[in-house]
Amino acid sequence: MVDAMYEKETQPGEVVIHQGDTESNEFFVVTKGSFSVIVSGTKVTSLGEGRSFGEIALLYDCPRTATVKSEGHGTLWVMDRLTFRQILMGAAIQKRKRFMYFLNRVPLLSPMTECEKGLIADALEHHAYKAGEYILRQGDVGDRFYVVEKGVVAVTLNIPRDDGAIEEVPVKELTEGDYFGELALITKNNRAANILALSDSVEVVSLTGRDFSLVIGNAAVDRLLRLAASERLAQNTDTYSSSPPTPSTSASPSPHAERKQ
């Protein structure tokens with residue numbers, strides 16, 4: 001693949017791609033330096049060594065979705081459109097088909113267009129867990145939104161007991177198509193619950209808040225996440241309630257130990 005790319009040096013403040021450009025002919029990989037990603041005049045993230053950009057416009061023949069500017073002296077490896085399509089398009093299409101099938105079954109995402117879902121599918125990261133492994137822990141910094149692709153996960157809360165000990169109390173279970181982590185992205189607070197794998201094999205997909213904003217825009221992300229929060233409250237399944245279940249003075253078994261196999 002490296003043989004199909006050429007090196008490009010950048011200067012401080014140099015704009016590599018402009019948001020809205022329709023002449024999109026190159027894909028970029030950062031090998032040195034840092035590059036700002038700017039959407040509608042607002043910097044949403046920085047890309048460092050090993051990160052890439054420019055693929056969305058090449059995959060979908062759409063205008064550039066962001067401006068990328070060199071923060072200092074930098075180096076990029078560059079691949080032209082034709083080579084990109086020949087080498088990477090097949091793998092990207094297979095990934096997109098797999099995740100699109102899944103995303104179309106997630107009710108939360110039903111208001112989104114097929115194009116928006118396609119962009120999200122390409123940005124999703126896949127994670128696999130075994131029974132008992134924690135996906136999130138209460139108190140962690142919340143920077144990702146998750147959807148369960150396969151298996152069952154448990155939501156638990158760490159509740160102080162009368163004797164001063166902390167008891168982990170099961171709250172609910174989530175299955176395929178259920179989502180979690182959205183409230184931390186809205187409130188910017190730390191995670192308010194634990195999430196752990198309950199079934200023998202659990203697969204989830206995730207997207208950072210920054211990547212979410214980058215692919216479909218800040219306004220769309222805010223609207224979608226607030227819809228998720230309101231639906232959770234309307235169903236009375238908000239696991240982040242300020243009135244959690246009251247633990248007993250004796251320790252309860254772990255969620256995965258209680259579940260019948």
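Hi everyone. Let's start with three phenylalanines: F28, F35 and F53 come together as one aromatic cluster. Before I go on, please keep in mind that what you see above is a predicted model.

How many aromatic pairs are there? The count comes to five. In one of these, the ring centres of F28 and F53 are 4.9 Å apart with the planes at 15°, and since planes under 30 degrees apart count as stacked, this pair is stacked. Where do the two residues sit? F28 belongs to strand β3, residues 26-32, while F53 belongs to strand β6, residues 52-53, so the pair ties together parts that are 25 residues apart in sequence. And are they buried or exposed? Both F28 and F53 are buried.

Now please follow me further along the chain, to another pair. The rings of Y146 and F180 have centres 5.0 Å apart, and their planes are at 5°, so this pair is stacked too. Y146 is in strand β11, residues 144-150, and F180 is in strand β14, residues 179-180; the two are 34 residues apart, and their pair links distant parts of the chain. Y146 has a relative accessibility of 7%, so Y146 counts as buried, given that the cut-off is under 20%. F180 is buried as well, at a relative accessible area of 1%.

In which order do its strands run? The order is β9-β16-β11-β14, an open sheet of four strands with antiparallel pairing. At the edges we find β9, residues 125-130, and β14, and each of these pairs on one side only. For anyone new to sheets, strands pair through backbone hydrogen bonds, in either a parallel or an antiparallel way. Here, β9 pairs with strand β16, residues 201-208, in the antiparallel sense, over six bridges.

What is the phi of S40? It is near 50°, a positive value in a residue other than glycine. S40 is found in the loop between β4, residues 35-39, and β5, residues 42-47. With a relative accessible area of 61%, S40 is exposed, because the cut-off for that word is over 50%.

Technical notes:
Residues are numbered from 1 along each chain as its sequence is written. This is a predicted model: local features need pLDDT of at least 70, side-chain atom pairs count only at pLDDT 80 or more; totals for chains, interfaces and linings use all residues. Side-chain values use heavy atoms; hydrogens and water are left out. Buried means under 20% relative accessible area, exposed over 50%, partly exposed in between (1.4 Å probe, protein chains only). Rings of Phe, Tyr and Trp (its six-membered ring) pair if their centres lie within 6.5 Å; planes under 30 degrees apart count as stacked, over 60 as edge-to-face and the rest as tilted. Two strands pair if DSSP finds at least two bridges between them.
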